Amino acid sequence: MKRVLLLTMICVLTTIGLQAQNGTIKGLVIDKQSESPLLGATIELLNTQEAKGVVTDEEGRFVLNDVPVGRQAVRISYIGFESYTLPNVEVTAGKDVFLTVGLTEAFNQLDEVVLTGNTNKDKPLNKMATVSTRQFGLEEVTRFSGGRSDVGRLAANFAGVSSPDDSRNDIVVRGNSPTGLLWRLEGIPIPSPNHFATAGTTGGPVSALNPNMLKSSDFLTSAFPAEYGNALGGVFDLGFRNGNADDYEFTLQTGIFTGVEAMAEGPLGKKNGSFLVAGRYSLVSILGIGAGGTSATPNYSDISYNINFGKGKLGNFSLFGIIGNSDIEFLGDDIDPDDLFSAEDENSLAESRFGVIGLKHNISLGNNSFLRTIVSNSFSGNDFYVDRFIEKDTPEERIIAFTESEDSEKRFTFSSLFNTKLSRKATVRAGVLLENFQVESLLRDRGEQPDADGDGDPDFFTFRDIDENVLLFQPYVQGRFRLSEKLTFNAGLHGQYSNLNDQFALEPRAAIAYQLAPDHALNLGYGMHQQQLPLPILFLNQDVNGTLEQTNKNLDFTRSNHFVLGYDVKLASNWRGKLEVYYQDIDRAGVEAFPSSYSTLTEGADFGFENDRVSLVNEGTGYNQGIEFTLERFFNKGYYGLLTGSFFESKYTGSDGIERNSPFNNGYVLNLLAGKEFKIGAAKQNVFFVDTRVTNAGGRYFTPVNLGASQQAGFEVRFEDEAFSLQYDPYFRWDLKFGIKLNSKKKKRSHQFYFDLQNVTANENVFARRYNRLTNSVDQVDQIGFFPDFGYRFQF
C-alpha cells in the first residue's frame, strides 16, 4: 500500500506546477427520431473569450480543436431543429472528448434555428421514455463520493432508489425487490454484471462494469416504454462508447475497489472504425488484504471491449463484450467473529463468472428509418462450497461437506428493432426480443435438515438438480406522437411468452408530457409490467412421497401496474426541480398454499433464496406508493448540488391474508450531494476538487429471531408470524472525496488523484441481527465502518 501511494504522489508532484495544453471535443450530431446524421449542424463553444465554432460533415461528425481545458459549454443547432446545450463538458489534456447529440425537429417547420437552451441531464436518451427516467454518464459515475465507480451505487443517489447495505450494490427501486431490476447492455438483457453475483440476483459486492467504457445511458424507475420487458422495478439501459477514431489514447488507473486498470483505444480501418479495450485486476488481491466487510481476500478481474468496424455498404457492425471472474476463500481459523459473510467453524469457497459477447448491426433504410439487430451469447455462473467443522478444537474434530452449490446459465439472445420517422410529429418503433436460457443448477445442503439416515449429521438434501431450456419471447411496438407544440403522447404494447408454462401476456404502456409553460411541464404515465420469477425459486425440489418434484415450475408471471404523475420545473438556467407521485399495484406473487407470511416479493437482497418454499401459488399481492423530489444544480461556475428525497410505503400480503411491511419499506431516503472545483496553478487550468455525500434513510424491516427454538434446533429459526415486524435503526452515512486534476504542459497527458473517505463518522449502521450457533445467542453485526479509498488515473 505504501509503495502505491508513494508512486502516485511522485506522479502528482512532478506535474503540479505545469501549465496545461488545450484539448479537443469531437462528436456526432443526429436526428433524434430517425438517428440519421445531420450535415451542416453548427457546434459553438460558449463562454470563451474567442468565438469558436465548426459545422458537421456529411456523416454528422465534427472536431472542435484547441478547446481550453476545464468545464465548457457547447451549443449544437440546426435549421428547423431545436438547439441543444451541454453546459458541463469536461475537457482535459490527456483525452479527447466525444459527444453524441440527438436533435429534435421543431414542431412547426421553420427557416431559422430554434433556441431552447436545453441541458443534457434532464432529458432521457430514449425518445420513447417520458416519465421516471434519468440520464447519467461517466463523469457522474466517477465524480460522486462513496460511489466506488459503480453505476449501481450511483443510482442509489437518485430519487426513488435505495441500497439495502454497504456490502452489495443491490438496487431497491420504489420498494421493489432488487430482483425486479433489468440490466441491458447495447440493447440486450444481460445477467447480473457483478463480481461474486449469484443465480437469480441482480447485485453483488463489486461491479464488473468498467465505467470508463460507458457512454451516457438511461436509468428508468417506473412505467417503462414498451421495448423493456420482464422487469418490475427498474431498468439500467447501458451502452458502451466507441473508441477514438482518429488518435490512439491510453489510460492507466488504480483504486481499492476498481483495481489496477489499463485501457487502450484508437482508429480501426478506413471507415471511421475504432477499438476500445480495457482490463482490470483487483488491487486488494495484489496487496493481499480484505475489503467490503470481510477479512478474506477477494480476487476479481474483468475485460471489456467495443470494436466498431465503421460504416460500410452493408451498414455498421460492432463487436462488444465483457468477461469477468472472481473468487474468495473463507477459512474459519482466519475469520473475525463479526465477518459479514462467513463463520468461524466453516471453510468455504465462492467462485463466480460472467460474460457477454455480442455482434451489433445497424443499417439505414432511407433517410428516416433504420434497422438494428443484435445477436449475443452470455454466460453466468457461481459455485459455492462449504465444509463445516464438527466438534471443532476437540479430539473428536471432523469435517463434513455442508453445502454444494453449482449454478450455470448460458443465454442466447436475438434482438431486432425497426425505427421509422413518419414525420417530424410521429415516430414508430417495433421489435422483437428472443432469449433462450440453458440452465444447469445443483444445490445440495444440510441446513435445517433432519438426520433421517441416522449417521449423526443432518441429511445432504438435493434442493435443485436441473438441466433445463427456457425460452422467453418478447415482441413490442411503440410510438411517439407530438400532438401539439406542447403535448407529446407515447404509447406502446409489449408481449411476453415463456415456454416454461406456456404463458403469454400483453402489457399496454402509455405516457403524456404536457408543457404548461416554457419552464414547467407535467408528465403522466401508466404501464403494466410482468416478470418471470427467479429460476432458483421456480426449479426448487420438493419431496413428494419419496419423489423429488419441481412444484414451483408452473408459476405464472408476477404482475404489476404502475401509475406515475410528475412535475418538472426549470428554476433557473442551471437549476432543475422535479416531483413525482406514484402507485404500483402488484399481484400474482408466489405465496405458500397454506396460511403463511411468506411471499416472493420479499426475496432478492442477499446471495441466495429460501430453499424450502415449495408448492407456491400465484395468490400474493402487494403495493408500493410514494412521493419523491429532486432539486438539482447542474455543474456550472465550479460547483454542483443534488438533493433527492423519497417518502414511500412498501407492503405485501402473504397467504395468511395479513398485510405486512416488505423488507424494503425503509419509509424514507434522503440524499444530499455537492461538489466544488477550484482552479489552481499559474494558468488556473488545473483543478482541486471536493465532493461530499450525506445519506439518511429509515431502517430496514426484519423478522425477529426465535432464540429458544434456534437453540433447540441448532440453526436460526425466526418468528414467521411476526415477519418484518421490527425495524432497524435509521441508516446514516457521510462520505467525503477530494483530489486533484492536472494537465501536462505540452504533451497529451493528464493526471487525476483522489482520496474517498467513506463513512467518515464511522456510524454503526446495522447489517443484521442473527443467531450465532457458536455462542447460542442473537448477535448484531454492523455494516462496513470507516473505509478510506483512493484512486489515481493517468491518461495519455
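**The core and its surroundings**

Modeller: The largest nonpolar core holds 35 residues, and those with the most contacts inside it are F136, V151, I171, W183, F219, F236 and L238. The model is a predicted one. Elements that give two or more residues to this core are α3 (151-155), β12, β17 (234-238), β20 (273-281), β22 (315-331), β23 (346-364) and β36 (639-653).

L238 can be taken as one example. Neighbours within four places in sequence left aside, L238 is in contact with F136, W183, R184, L185, E186, L209, L214 and S217.

Next comes the sheet. Five strands form an open sheet in the order β9-β16-β17-β12-β13, and the pairing is mixed. The edges are β9 (133-136) and β13 (188-189); each has a single partner strand, so one side of each is left without a neighbour in the sheet. β13 pairs with β12 (residues 181-185) in the antiparallel sense, over 2 bridges. In this pairing, L185 stands opposite I188 of β13.

Charged pairs are the next topic. Side chains of opposite charge can pair when their charged atoms come close. The model has 56 salt bridges. One of them joins the side chains of K421 and D31, at 2.6 Å from N to O. K421 is in strand β25 (residues 398-423) and D31 in strand β1 (residues 23-31), so distant parts of the chain, 390 residues apart, are linked by the pair. K421 and D31 are both buried. Another salt bridge is that of R411 with E409, whose closest N and O atoms are 3.0 Å apart; R411 and E409 are buried too. D587 and R559 also meet through their side chains, at 2.7 Å from N to O. Because D587 lies in strand β34 and R559 in strand β33 (residues 558-572), this pair ties together parts that are 28 residues apart in sequence. D587 has 19% relative accessibility and therefore counts as buried. A network of salt bridges links K26, K95, D96, R241, D246, D247, E249, E265 and K748.

The surface comes last. A nonpolar patch there is formed by I512, Y514, L516, L522, L524, L565, L579, V581, I627 and F647, with about 790 Å² of accessible area together. Two or more residues of the patch come from each of β29 (503-517), β30 (520-531) and β34 (575-592). β29 gives the most, with 3 residues. Y514 has its place in strand β29, and its relative accessible area of 35% makes Y514 partly exposed.

How values were computed: Residues numbered from 1 in each chain as written. Predicted model: local features only at pLDDT ≥ 70, side-chain atom pairs only at ≥ 80, totals over all residues. Heavy atoms only, no water. Patch = residues over 30% accessible without salt bridge, like charges linked within 9 Å, V, L, I, M, F, W, Y side chains within 5 Å. Areas by Shrake-Rupley, 256 points an atom, 1.4 Å probe, with all protein chains shown as cover. Salt bridge = Lys/Arg side-chain N within 4 Å of Asp/Glu carboxyl O. Helix = DSSP H or I, 4+ residues; strand = E, 2+ residues; numbered from the N terminus. Buried < 20%, exposed > 50% of the residue type's maximum accessible area, 1.4 Å probe, protein only. Pairing = 2+ DSSP bridges. Core = buried A, V, L, I, M, F, W, Y, C linked by side-chain atoms within 4.5 Å. Contact = heavy atoms within 4.5 Å.
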